[in-house]
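This report describes a model by its helices, its sheet and its salt bridges. The sequence and structure come first, and the description follows.

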Amino acid sequence: MKETFEWIHSWCDYTTKNNLPRVLLIGDSITNGYQEFVRKKLKGIAYVDHLVISYPVNRPIYHALLKQFESDSNYALIHYNNGLHDINISKKVYKDNIKKLLKELKCKNVILANTTIVNNNHNKGVHKKWLKVVNARNEAINEISKECHLPVDDLFTLSKKIDVKDRYVDGLHYVASGYQILAAQVASVIKKHLKE
């Protein structure tokens, strides 16, 4: 199902250089919020590109965009985080589409991130409907991790600990300090798996 506004944002860092490994962040608006901080934290360690889009995982345009974008560069690692679009997608559809996407990607060194917590507006408690969806999608990520032998970056647990002062009033997004907290973990996990 389409949202009111659909968007795509991407960036490729120093595309003519290959003296460092190249990393791709794939995700939604949460990834868009932390990508610049991840890039800064990995400066001198890796070139960090990103492709963030609003389309849900079951749309053909989603698969086409990700497959074509990723195949255009030689990525050493992909950090994948996309669970906050289309609340009506079932766990099965979500899981099946991510597994399909993983088969389509050229790079097989993938870190799966689970989905962050969603609060009500003004952060007045956890959004109960979204919590069920997030829990189901995180279960799917954990199952894919075991089936495909891929690591998981547990952003869900981290997001539950982020203080209200570091969150945006919509209960979903974060202010810069919150994104820096997420970026610190993402960068740390990427550094660990680049060394392996």
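## Helix H2 and its surroundings

The buried residues of H2 pack against strand S1 (8-11), strand S2 (22-27), strand S3 (47-53), strand S4 (77-81) and helix H3 (91-104); contact means heavy atoms within 4.5 Å. This is a predicted model, in which local features need pLDDT of at least 70 and side-chain atom pairs count only at pLDDT 80 or more, while totals for chains, interfaces and linings use all residues. Residues are numbered from 1 along each chain as its sequence is written, and side-chain values use heavy atoms, with hydrogens and water left out. Helices (H or I, at least four residues) and strands (E, at least two) are DSSP runs, numbered from the N terminus.

Helix H2 (residues 60-71) has twelve residues and spans 17 Å from its first C-alpha to its last, close to the 16 Å expected at 1.5 Å a residue. The expected span is 1.5 Å times one less than the number of residues.

Which residues of H2 are buried? They are Tyr62, His63, Leu66, Phe69 and Glu70. These residues cover an arc of only 150 degrees around the axis, which puts them on the same side of H2; the arc is that of the directions from the helix axis to the C-beta atoms. The face turned away from the buried side carries the exposed residues Pro60 and Gln68. Buried means under 20% relative accessible area, exposed over 50%, and partly exposed in between (1.4 Å probe, protein chains only).

## The sheet

Six strands form an open sheet in the order S1-S3-S2-S4-S5-S6, with mixed pairing. Two strands pair if DSSP finds at least two bridges between them. The edge strands, S1 and strand S6 (152-153), each pair on one side only.

S2 and S3 pair in the parallel sense over six bridges, and glycine 27 has valine 52 in S3 as its bridge partner. S4 and S5 also pair in the parallel sense, over three bridges; here tyrosine 80 has leucine 112 in S5 as its bridge partner. From strand S5 (residues 110-113), Val110 and Leu112 point one way and Ile111 and Ala113 the other way, and all are buried.

Helix H1 (residues 29-41) lies across S1, S2, S3 and S4 and runs at about 170 degrees to S3. Axes are lines fitted to C-alpha atoms, for helices over the stretch in contact, and angles run from 0 to 180 degrees between N-to-C directions.

## Salt bridges

A search of the whole structure finds ten salt bridges, each being a side-chain nitrogen of Lys or Arg within 4 Å of a carboxyl oxygen of Asp or Glu. Three of them are listed here.

| Pair | Closest N to O distance |
|---|---|
| Arginine 22 and aspartate 49 | 2.9 Å |
| Glutamate 147 and lysine 99 | 2.7 Å |

Arginine 22 lies in strand S2 and aspartate 49 in strand S3, so the pair ties together parts that are 27 residues apart in sequence. Both arginine 22 and aspartate 49 are buried.

Lysine 95 lies in helix H3 and glutamate 143 in helix H4 (residues 128-148), so this pair ties together parts that are 48 residues apart in sequence. Lysine 95 counts as buried at 14% relative accessibility, whereas glutamate 143 is partly exposed at 28%.

Glutamate 147 in helix H4 and lysine 99 in helix H3 likewise link distant parts of the chain, 48 residues apart. Glutamate 147 is partly exposed at 40% relative accessibility, and lysine 99 is partly exposed at 26%. Salt bridges that share partners join Lys91, Lys95, Lys99, Glu139, Glu143 and Glu147 into one network.
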